[in-house]
Amino acid sequence: MSGTIGTKQWLWLHKEDNVAMALSDFAAGAALSIEGNSVTLKDAVEYGHKFSLVAIPKGEDVIKYSETIGVASRDIAAGEHVHVHNVQSLRAKRQ
Amino acid sequence: MASMLGYRSEGGQPGIRNHVVILSLNSFCNRAVEIIAQTVKGTVPLTHPFGRNEIGIYKDRLERTIEGVLLHPNVHSALLVGYEPASTRETLAKVRGLTGKKIESVLVLEGGTLSAIKQGAEKAMWLAIEASEAKRSPIEFKDLIFGVKCGGSDATSGVASNAAIGEAVDIIIGAGGTAIFSETTEILGAEHILARRAVSETVAQKILAAVKQNEDMALAAGVDLLGVNPVPDNVRGGITTIEEKSLGAILKAGKAPIQDVLGYGERPMKPGLYFMDSPSAASEVTTGLSAAGAQMVLFSTGTCNPVGNPISPVLKVTSNPRTVSRMREHLDVEVSDILTSDMSLREGGEKIVEAIIRVANGKLTTAEVLGHNEFAPLPVGL
């Protein structure tokens, strides 16, 4: 489904997305309930940054807007900060 | 919808500003342009470091931008400050063949900078006096072209302010207007979605080809796009990859079918939504959108970007409340309630349309009042 689901602490854009966006500065250990699923953050996640809702194994797609925004460059556990340190773009990349 | 008043001239679209521009044709003429504009109230200086020995695509872009400025609906009249007679005469003859508006010129190589300043100020002052008598009359959205741009993007841009601008674009196009979005690097990763929205297979292929060419250019230059785009302030704001940035960026174009792909500074021929193939830096894009005839640029920003344009007011929209407290002087419309309260995207779009109508009617934008007149007619980057 499309549209915004959730409170104003986080934003989960689409059911297909395996990441959500923080609308608050979260400390590591924050326990969030997202559409009935509980996620405990393993890292601090700043406002506007993403965290994983489920485990994303290395090489698997990172999904936001129900589209692929890159692949996991290493295994990502549920509740991790998802950003340039563990996601790789698939485009215009030097071989 | 509230009414709008603009400046109508014979032939061509009406303007929402009535500028007298002092336009440099060559870097050596910039000093004279600056002094003339300081001397004659009501004139706008346009300077740049180009105008000699450009070739190929760069020559085309520069010439198209200069023509676009001179033909622009927001421009009442112009003084060209050229360097030497041959190229200045050529530019003058070409634009005079395309418009009936007053285009004057002076030369730096005939008597020097001081002489060009004196002659130029004498010519510009009568243009400014004439422009000051222009009256506004009713205009409609079908008379207007809007440039659409995002810059200083962060994660809020891609979920709120871009989407709210997209709603405003849908309202404008629904009322018979025109919008142009741009930045080829920033549709990379989302081009398949845009191609599906093209009016024809030919246009779909043009969209895909523009992105392919851009990606190949990055690779040929030995560039790993990650590190160039998203830029460091995007990354700090939470954007991870170019795909993520692009998927958020295309929301600013709304949902209308894409009529065609335009070259840098190229004017759309009929109403609707267009994509302009161009690099993505803010000054270059707003200059190109203005050269394509956009009377106003709608600019979505997350971390903020102070850019303005000398011809076309740039309306800054943000949905990041932290940016509002940090960079208030560079922002015009806030739609943070989409994220912090219960504002819908449509309501955000309607708030932007209300601001557009006020700016069309003469309300100054923050970039206008702060004198942000970035003019960058020769984009070279990604």
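**Chat on chains A and B**

Me: Where does A:Tyr65 lie in chain A?
Reply: In the loop between β6 (61-64) and β7 (67-72) of chain A. Helices (H or I, at least four residues) and strands (E, at least two) are DSSP runs, numbered from the N terminus. This is a predicted model, in which local features need pLDDT of at least 70, side-chain atom pairs count only at pLDDT 80 or more, and totals for chains, interfaces and linings use all residues. Residues are numbered from 1 along each chain as its sequence is written, while chains are lettered from A and ligands numbered from 1 in the order in which they are written.

Me: And what's phi like at A:Tyr65?
Reply: Positive, near 60 degrees, in a residue other than glycine.

Me: Is A:Tyr65 buried or exposed?
Reply: Buried, because 22 other C-beta atoms lie within 10 Å of A:Tyr65. The cut-offs are 20 or more other C-beta atoms within 10 Å for buried, 12 or fewer for exposed and anything in between for partly exposed, with C-beta atoms placed from the backbone.

Me: OK, A:Glu35 now. Where does A:Glu35 lie, and what's its phi?
Reply: A:Glu35 lies in the loop between β3 (31-34) and β4 (37-40) of chain A. Its phi is positive too, about 50 degrees, although A:Glu35 is not a glycine.

Me: Why does A:Glu35 count as exposed?
Reply: Because A:Glu35 has 10 C-beta neighbours inside 10 Å.

Me: Switching to the interface: how many residues of chain B are in contact with chain A?
Reply: 24 residues of chain B, with 24 residues of chain A. Contact means C-beta atoms, placed from the backbone, within 7 Å.

Me: Which elements of chain B give two or more residues to that side?
Reply: α7 (201-220), α9 (242-249) and α12 (337-340) of chain B. α9(B) gives the most, with four residues.

Me: Which helix of chain B is mostly covered?
Reply: α10 (residues 282-291), where nine of the 10 residues are buried. Among them are B:Val285, B:Leu289 and B:Ala291.

Me: What do the buried residues of α10(B) pack against?
Reply: α2 (56-71), β7 (145-151), β8 (178-181), β10 (272-276), β11 (296-301) and β12 (314-318) of chain B.

Me: What comes just after α10(B)?
Reply: B:Gly293, which takes a positive phi of about 105 degrees.

Me: Last one: what are the confidence scores?
Reply: The model scores ipTM 0.92 and pTM 0.93.

Conventions. Two residues are in contact if their C-beta atoms, placed from the backbone, lie within 7 Å.
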